[in-house]
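Here's a quick briefing on surface patches and ring contacts. Have the model open while you read.

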Amino acid sequence: MTRPIPPSAPLGEQSLRTQLEGIIERLPTGSMSLGELLAIIGDEGLLVLSILLTLVFLIPVSIPGVSTVFGAAILLVGLSRVSGRPLWVPARLAARPLPADRLRPALTGGMAWVRRLERISRPYRLSSLVDGRAQQLFNNLAFIFAALLLMAPFGFVPFSNTIPAIALLLYAVGFIQRDGVAVLLGHLATIGTVVYFSVLIGGGGLALQHLWQRFAG
């Protein structure tokens, strides 16, 4: 039986930004592992961790391999919230190397999205969409689904990581602020991701069918 997730204490907008900027400043130079990144974050909170991990996908710069590692970490955050247990990361995933020198500017650039959300997010707005056992379970499952979409092998396609990352960012901020509107926008971004991927898959299937008919005819 799923235990309800205790409500997150609402963070002040400046407090959230300060936490994220402090984490980015503490990143080492050169390279680091996901486990080292988690150690830097420490007890800042799973939702703050999720926000940090989404920032790298919100700017038009591709860092190979990051979507799998960060997507898996966000997925584990979602599973932790559903189960009500502490975050557990497999040793192999924790040991995956990350290019810290490339992550720092990407994360810093992604902070622009946090500043945008600071202007539109409001604590306890439509909190009925966030509070309650059924709502928490549904929202956390949607969070997990968005993390799976982030891990989909479409990294070479424009916006394939950006749209689910926006959904995850909206979810995390909505959960922290108890902002039902932000969570609702997260659901819309998740639906938009599914539609976008469906178009990509359908268009790819039609292209392959056309090539087959062309060469087989």
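Predicted model: local features only at pLDDT ≥ 70, side-chain atom pairs only at ≥ 80, totals over all residues.

Numbering runs from 1 along each chain as its sequence is written, and side-chain values use heavy atoms, with hydrogens and water left out.

**Nonpolar patch**
- I120, L126, L129, L184, L185, L188, I191, V195 and V199 make a nonpolar surface patch of about 790 Å².
- Helix α9 (residues 180–216) is the top contributor to that patch, with 6 residues.
- I191 sits in helix α9, and I191 counts as exposed because its relative accessibility is 52% (exposed is over 50%, buried under 20%, partly exposed in between, using a 1.4 Å probe and protein chains only).

**Aromatic pairs**
- Searching the whole structure turns up 5 aromatic pairs (ring centres within 6.5 Å; planes under 30 degrees apart are stacked, over 60 edge-to-face, the rest tilted; Trp uses its six-membered ring).
- F143 and Y171 make a tilted pair, 6.4 Å centre to centre with 55 degrees between the planes.
- Ring pairs tie F143, Y171 and F175 into a cluster.

**Charge over a ring**
- R116 lies over the face of W113, 4.8 Å from the ring centre (the cut-offs are Lys NZ or Arg CZ within 6 Å of the centre and within 35 degrees of the ring normal).

Conventions: Patch = residues over 30% accessible without salt bridge, like charges linked within 9 Å, V, L, I, M, F, W, Y side chains within 5 Å. Areas by Shrake-Rupley, 256 points an atom, 1.4 Å probe, with all protein chains shown as cover. Salt bridge = Lys/Arg side-chain N within 4 Å of Asp/Glu carboxyl O. Helix = DSSP H or I, 4+ residues; strand = E, 2+ residues; numbered from the N terminus.
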